[in-house]
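Please open the structure in your viewer and keep the sequence beside it, ready to select residues by number.

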Amino acid sequence: NFTEIPALAWAGSGTEREAAAGGPVFFDEDTTMSKVPLTARGAEKLREELERLKRIERPRVIEAISEARAHGDLKENAEYHAAREQQSFIEGRIKDIEGKLSHAHVIDVTQISADGRVIFGATVAVLELDEGETEHSFQIVGDDEADLALGMISISSPIARALIGKREGDLATVETPGGVREFEILEVRYI
C-alpha cells in the first residue's frame, strides 16, 4: 500500500531543487502532495515492526486481558486496566505505521542515477570547517527515520536541505539555531 519509486530528489521548490542540483531534478510534483519520503530500509523496518505488533504483541495483550477478566471485578483490577492501556497503545501504533506506509514514497537510493549529487537517501561524508575541522557522515532520510546518534538526519533538517543537490568538493553553508556552519562534501555514496 505504498508507492515505490526508483529515482527521486527531495528538497525545496522545483526551482530551488533545479538550481541546487545544477539542472532538472527527477521529481513528480503532483504525486507528492500527500506522500512522505521513506528509504527502503526505513520502510522495511516499519513493515517488520507492524508484523511483530500484529502477530506477537496484539495476541499477547489479548491473552493478558482475558486472564485479567478471569480475576473478577474489573473496576479495581489493575492488571486488566494495564493490559487495556497496552492494547490501546499497540492498536494506535499499528494505525500509525499503516498510515505512514500508505502515504510513503519508498525510495531505494541504490537504484538512483544521481550523477554524484546529494539526494534523499544518500550517505554524505562531510568535513565541518571550523576550528576543529570535524568529519561527519550523514544519511539523509525521512522525518520518521531520523536518528542523529546513528548519523541519520531528516530531509527537512537545515543540514540536509543545505547538502541536497551538492557534489563532492562543494561547500554547504548551513544556518542552524546555534549559528552558521560550513561543510565541505568529501564523499557521496548511494548505499
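**A strand and its two partners**

Begin by selecting strand E4 (residues 123-128) together with strand E8 (residues 179-189), which are joined by six bridges and run antiparallel. This is a predicted model, in which local features need pLDDT of at least 70 and side-chain atom pairs count only at pLDDT 80 or more, while totals for chains, interfaces and linings use all residues. Residues are numbered from 1 along each chain as its sequence is written, and side-chain values use heavy atoms, with hydrogens and water left out. Strands (E, at least two residues) and helices (H or I, at least four) are DSSP runs numbered from the N terminus, and two strands pair if DSSP finds at least two bridges between them.

Select Glu 128 next, and you will find Phe 183 of E8 as its bridge partner.

E4 and E5 form a hairpin with five residues between them, and Glu 133 in the turn has a positive phi of about 40°.

Are the residues of E4 buried or exposed? Six of its six residues are buried, where buried means under 20% relative accessible area and exposed over 50%, with partly exposed in between (1.4 Å probe, protein chains only). Thr 123, Ala 125 and Leu 127 point one way from E4, whereas Val 124, Val 126 and Glu 128 point the other way.
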